[in-house]
Amino acid sequence: MAERLNRDEVVRRAGGLADRIGLSEVTITRLGRELGIAPQGVYRHVEDVRDLRGALARLAAGELSVELSRASSGLSGRPALVAVCTTLRSWAARHPGRYAALQVAPDPEDPVASAATEELVSVIASALCAYSLTGDDLVDAIRMVRSTVHGFVDLETHGGFRLARDLDTTFERVIDSLDLVLGEWS
């Protein structure tokens, strides 16, 4: 198996492992076991855990950009916002380890990581274009959408919602609130 491994495959498999056991539990040793190789063999493909996590963040940003683009393509206004928010929530539920890797801003000295993150932000910005926001207002809107959805996802993932109320209904109201606020900014 080691002969067929390359960096992309190692990172992809690390993403699957992170989704199963949690990003913080992914070590070079555990990844080696997952790949069926000694930990030293993993170092042929990644420098260390930090390098691996950066590569996972780039992978996740690329995957999520594609999903968000597909979901919001041809939509504008509230439908685009709904597509972005619901896709982000469902992607995070399906890929919790990769989602966790996305929560750390990339090293500004890493042009590949910066480009992947910029692409993800650009997809979200495109989905928000009907709100006619520019400059700092657009930056704030992107941050508000991301942080709101992230807060909901984090609470949902960690059992933070215990009241007897349908979470999907609450999430729809969250999106309604975002739509209302964004609509008033323009």
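Buried residues are those under 20% relative accessible area, exposed ones are over 50%, and partly exposed ones fall in between (1.4 Å probe, protein chains only). The model is a predicted one, in which local features need pLDDT of at least 70 and side-chain atom pairs count only at pLDDT 80 or more, while totals for chains, interfaces and linings use all residues. Residues are numbered from 1 along each chain as its sequence is written, and side-chain values use heavy atoms, with hydrogens and water left out.

View 1. Helices (H or I, at least four residues) and strands (E, at least two) are DSSP runs, numbered from the N terminus. The C-alpha atoms of the protein fill a box of roughly 55 × 40 × 25 Å, taken along the principal axes. With contact meaning heavy atoms within 4.5 Å, residues 24 or more positions apart account for 66% of the contacts in the protein that have a separation of 6 or more.

**View 2. The crossing of helix α7 (residues 111–127) and helix α8 (residues 135–157).** The axes of the two helices, which are lines fitted to C-alpha atoms over the stretch in contact, with angles running from 0 to 180 degrees between N-to-C directions, come within 10 Å and cross at roughly 100°. That makes α7 roughly perpendicular to α8, a term for angles of 65 to 115 degrees, whereas those under 35 count as roughly parallel, those over 145 as roughly antiparallel and the rest as oblique. On α7 the contact is made by V121, I124 and A125, and on α8 by L138, I142 and R146.

**View 3. The aromatic cluster formed by F152, F161 and F171.** Rings of Phe, Tyr and Trp (its six-membered ring) pair if their centres lie within 6.5 Å, and planes under 30 degrees apart count as stacked, over 60 as edge-to-face and the rest as tilted. The structure holds two aromatic pairs. In one of them, the ring centres of F152 and F161 are 4.9 Å apart and the planes stand at 40°, so the pair is tilted. F152 counts as buried at 6% relative accessibility, and F161 counts as partly exposed at 31%. The pair of F152 and F171 is also tilted, with 4.8 Å centre to centre and 55° between the planes. Because F152 lies in helix α8 and F171 in helix α9 (residues 167–185), this pair ties together parts that are 19 residues apart in sequence.
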